[in-house]
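User: Hey, can you walk me through this structure? I'm new to this, so please keep it plain.

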Amino acid sequence: MSYILEAAGLNTFYGRSHILFDVSLAVSSGETVCLMGRNGAGKTTTFRSLIGLTPVKLGKVMIKGKDCSRLPAYKRARLGIGFVPEDRRILGPFTVRENLGLGRIPGRSGIWNEETVLEQFPLLVHLMDRLGGTLSGGEQQLLTIARALISNPDVLLLDEPTEGLAPVVVAVLKDLVLNLKKAGITILLSEQNIRFATSVSDRAVVIDKGHVVFTGTMEEFKREESVQKKYLAV
Ligand code: ATP
């Protein structure tokens with residue numbers, strides 16, 4: 001089986017604190033995989049290790065079979081990892097159009113450009129000349145996803161996309177992720193919102209205290225009530 005993104009035995013430290021212990025996961029083409037876990041379980045650290053923002057002491061990260069464990073973040077982005085950070089990082093003094101344009105990566109091309117991206121994000125169309133700092137939290141979240149998509153990633157990483165959003169915006173996000181899936185995008189997301197995660201994902205990976213404690217299909221995950229109770233805030 002060839003994976004778009006694969007992590008094998010990741011061990012990551014912050015200083016002397018051992019945070020990730022042999023974390024392995026894999027995402028195949030066209031799949032949506034959800035990394036689930038409580039606050040502090042290690043979701044963001046896993047993402048940072050995958051994209052190259054935090055060094056991995058032991059273990060491998062592979063993009064389309066190529067070992068990129070020692071590559072800096074910008075080179076992994078060129079290889080096809082698109083990242084949507086939890087804290088969004090929209091540039092307040094720049095317009096929405098300028099923020100969107102910042103997602104482009106020289107040398108990467110594909111079906112996603114300003115026009116095709118906006119077809120997926122109709123709510124952004126009328127905001128293009130607004131300053132990023134004036135957007136609501138939900139609008140900023142949509143913009144960060146759009147900005148990652150315009151880089152034509154092979155896999156899109158969404159770190160807790162529903163965090164802090166009103167239910168009505170979560171519903172918009174759900175439709176968006178389902179549409180991106182239909183368009184063939186490969187997605188790895190992290191979530192604490194089980195309802196959102198189960199409605200958009202094909203497979204689940206549950207992490208607790210830096211250890212992977214469950215990997216399976218969403219159907220299997222839904223049946224594992226003990227996993228949900230033990231490792232997630234259910
Ligand atoms: P959250 O939903 O709160 O973001 P998470 O599952 O993404 O949780 P991480 O942010 O990956 O969890 O944190 C994993 C562990 O690493 C936690 O115990 C956290 O306190 C610790 N940690 C995170 N960032 C640092 C840091 N910069 N230095 C030291 N420890 C950190």
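**Around the ligand**

Analyst: Let's start at the ligand: one of its oxygen atoms sits 2.7 Å from a polar backbone atom of Gly40. That is a polar contact, meaning a pair of N or O atoms within 3.5 Å; within protein, one must be able to donate a hydrogen and the other to accept it, and residues adjacent in sequence count only if both atoms are side-chain atoms. Keep in mind that this is a predicted model, where local features need pLDDT of at least 70 and side-chain atom pairs count only at pLDDT 80 or more, while totals for chains, interfaces and linings use all residues. Residues are numbered from 1 along each chain as its sequence is written, and side-chain values use heavy atoms, with hydrogens and water left out.

User: Which atoms of Lys43 and Glu160 lie by an oxygen atom of the ligand?

Analyst: For Lys43 it's a backbone N or O atom, 2.8 Å from a ligand oxygen. Glu160 uses a polar side-chain atom, at 2.6 Å from an oxygen of the ligand. Taken alone, the ligand exposes 620 Å², and the protein buries 58% of that. Those areas come from the Shrake-Rupley method with a 1.4 Å probe; for residues, only the protein chains shown count as cover.

User: How many residues are around the ligand?

Analyst: There are 13, and Gly40, Lys43, Thr44, Thr45 and Glu160 come nearest. A residue counts as near if one of its heavy atoms lies within 4 Å of the molecule or strand in question. The shell splits into three nonpolar, six polar and four charged residues. Here Ala, Val, Leu, Ile, Met, Phe, Trp, Tyr, Cys and Pro count as nonpolar, Asp, Glu, Lys and Arg as charged, and the others, Gly among them, as polar.

User: Which helix gives the most to that shell?

Analyst: Helix α1, residues 43–51, with three residues. Helices (H or I, at least four residues) and strands (E, at least two) are DSSP runs, numbered from the N terminus.

User: Why is α1 largely enclosed?

Analyst: Because seven of its nine residues are buried, α1 is largely enclosed by the rest of the structure. Buried means under 20% relative accessible area, exposed over 50%, and partly exposed in between (1.4 Å probe, protein chains only). Among the buried ones are Lys43, Thr45 and Phe47. Just after α1, Gly52 takes a positive phi of about 95°.

User: Which residues other than glycine have a positive phi?

Analyst: Asp22 is one, with phi near 50°. Asp22 is in strand β2, residues 17–27, and is exposed at 52% relative accessible area. Lys64 is another, at about 45°. You'll find Lys64 in the loop between β4 (56–63) and β5 (66–67), and it is partly exposed at 46%.

User: New topic: how much space lies in the largest pocket?

Analyst: About 490 Å³. On a 1 Å grid over the protein atoms alone, a pocket is an open set of points with protein on both sides within 12 Å along at least five of seven lines, and lining residues have an atom within 4 Å of a point. Grid points are joined across faces, edges and corners, and the volume is the space filled by probe spheres set on the points.

User: What lines that pocket?

Analyst: It's lined by 19 residues, with Ala77, Ile81, Gly82, Phe83 and Ile105 nearest its centre. The elements giving two or more residues are α2 (73–79), β6 (81–84) and α6 (137–149). The largest share, four residues, comes from α2. By type, the lining has eleven nonpolar, four polar and four charged residues.

Notes:
On a 1 Å grid over the protein atoms alone, a cavity is a set of points where a 1.4 Å probe fits but cannot get out, and a pocket is an open set with protein on both sides within 12 Å along at least five of seven lines; lining residues have an atom within 4 Å of a point.
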